[in-house]
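Here's a quick tour of a protein model, written for someone who likes cut-offs spelled out. Have a look at the fold first, then read on.

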Amino acid sequence: MQTKPFRIGTRGSPLALAQAYETRDRLMAAHDLPEEMFEIVVLSTKGDRITDRALSEIGGKGLFTEELESQLLSGELDIAVHSSKDMPTVLPRGLHLSAFLPREDMRDAFIGRTAPKLLELPQGAVVGSASLRRQALIRRLRPDLNVIIFRGQVETRLRKLEEGQADATLLAFAGLKRLGMDSVPTEILDPKDFPPAPAQGAICVESRIGDTRMDDLLLSINDMPTYDAVTCERAFLAALDGSCRTPIAGYATCDSEELHFYGLILTPDGQTSHGVEISGARKDAEALGRKAGEDVRARAGSNFFDGWS
């Protein structure tokens with residue numbers, strides 16, 4: 001019988017903490033456990049500490065997970081809670097994504113200071129974004145805009161916008177909703193025109209492979225439609241060697257036992273792109289994502305990918 005609190009690792013941003021508390025609360029409700037049976041352990045990651053450069057310049061997605069994963073492997077943490085879109089496609093040996101909470105809204109939110117919609121911004125307006133995907137999609141729709149790097153926590157980016165450092169910015173709508181900031185966006189972007197990052201809007205739980213105690217605990221909060229959709233999206237990303245150096249978008253939706261996936265790869269200037277759609281059984285989610293990635297890679301050709309380096 002568990003006597004010590006379960007230790008839940010997380011980054012320290014308000015959004016990361018909200019996600020860790022949601023995970024804790026779901027576990028409490030599912031197992032009728034008191035709050036004192038869970039301890040939230042806050043760690044600072046390299047990705048949090050370096051905020052003046054693009055992720056692609058300092059090492060990519062793993063910068064947000066390395067410290068948490070080190071303590072998972074050493075046994076200092078029982079689980080770690082992450083934004084799924086921050087997770088590299090290859091995890092450290094001995095760790096796996098063992099549960100996904102029900103997915104929030106996957107769409108991107110546009111926050112305009114000088115115009116309420118992306119297509120209504122004046123010519124030459126400045127848009128701040130740290131995401132290569134968002135930068136490429138902005139340039140695809142509005143090649144006249146000036147896109148600059150905007151990094152930092154949600155509150156930091158909104159403050160920069162308020163200070164006039166940009167005319168607009170984009171954030172994940174899911175994160176804003178989790179922070180109670182539903183009213184901040186001036187436009188919610190249609191995923192058909194502005195597809196999200198793979199796994200956007202999904203909270204994942206990482207744990208040790210073979211830790212049956214934690215597997216049993218997490219089973220009750222794992223949302224299978226989210227698990228299958230994100231599995232497909234991450235397989236698509238893996239087939240393309242997705243990292244913070246590659247503009248890649250994609251999302252899967254589940255309808256009963258069927259799954260539909262749409263993916264898109266772009267050059268950083270947004271002017272060349274290749275899309276792919278695939279449908280099949282949810283039980284084949286990983287294979288469908290991998291096939292979509294292989295198909296679009298073959299159609300794009302090696303020269304397309306050489307242009308990313």
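Let's start with Asp167, which touches Ile111, Gly112, Arg113, Thr114, Leu121, Ala125, Val126 and Leu161, leaving out residues up to four places away in sequence. Contact here means heavy atoms within 4.5 Å. Asp167 sits in the loop between helix H6 (154-162) and E8. Helices (H or I, at least four residues) and strands (E, at least two) are DSSP runs, numbered from the N terminus. Is Asp167 buried or exposed? Asp167 is buried, at a relative accessible area of 16%. The cut-offs are under 20% relative accessible area for buried, over 50% for exposed, and partly exposed in between, with a 1.4 Å probe and protein chains only. The side chain of Asp167 also makes a polar contact of 3.4 Å with the side chain of Thr114. A polar contact is a pair of N or O atoms within 3.5 Å; within protein, one must be able to donate a hydrogen and the other to accept it, and residues adjacent in sequence count only if both atoms are side-chain atoms.

A word on where this comes from: it's a predicted model, where local features need pLDDT of at least 70 and side-chain atom pairs count only at pLDDT 80 or more, while totals for chains, interfaces and linings use all residues. Residues are numbered from 1 along each chain as its sequence is written, and side-chain values use heavy atoms, with hydrogens and water left out.

**The sheet**

Five strands form an open sheet in the order E2-E1-E3-E10-E4, with mixed pairing. Two strands pair if DSSP finds at least two bridges between them. Its edge strands are E2 (38-42) and E4 (95-100), each pairing on one side only. From one strand to the next, the twist averages 30°. Axes are lines fitted to C-alpha atoms, for helices over the stretch in contact, and angles run from 0 to 180 degrees between N-to-C directions. Helix H8 (residues 212-219) packs on this sheet, touching E1, E3, E4 and strand E10 (203-208), and its direction makes about 20° with that of E4.

Why is E4 largely enclosed by the rest of the structure? Five of its six residues are buried, so that's how E4 ends up enclosed.

| Strands | Bridges | Direction |
|---|---|---|
| E1 and E3 | Two bridges | parallel |
| E4 and E10 | Five bridges | antiparallel |
| E11 and E12 | Eight bridges | antiparallel |

For individual partners, Gly9 is bridged to Ala80 in E3, Ala99 stands opposite Val205 in E10, and Thr253 has His260 as its bridge partner in E12.

Strand E1 also holds Thr10, which is buried with a relative accessible area of 0%. A polar atom of the Thr10 side chain lies 3.2 Å from the backbone oxygen of Ala16. Beyond its neighbours within four places in sequence, Thr10 is in contact with Ala16, Leu17, Ala20, Ile40, Val41, Val42, Leu43, Leu68 and Val81.

In soluble globular proteins, nonpolar side chains tend to be buried together. A nonpolar core is a set of buried Ala, Val, Leu, Ile, Met, Phe, Trp, Tyr and Cys residues joined through side-chain atoms within 4.5 Å. The largest one has 21 residues, and Leu121 and Ile138 touch the most other members. Helix H5 (132-141), strand E8 (168-172), strand E11 (248-255) and strand E12 (258-266) each supply at least two residues of this core. Setting aside neighbours within four places in sequence, Ile138 is in contact with Leu118, Val127, Pro143, Leu145, Val147, Leu170 and Phe194. A second, separate core of 18 residues includes Cys232, Phe236, Leu237 and Ile265.

Back in H5, the buried residues include Arg133, Arg134 and Gln135, along with Ala136, Leu137 and Ile138. Ser131 caps the N-terminal end of H5, with a side-chain oxygen 3.2 Å from the backbone nitrogen of Arg133.

**Positive phi**

Most residues other than glycine have a negative phi. Asp32 lies in the loop between helix H1 (14-31) and E2 and is exposed, at 71% relative accessible area. Ser256 likewise has a positive phi, of about 60°. Ser256 belongs to the loop between E11 and E12, and at 57% relative accessibility it counts as exposed.
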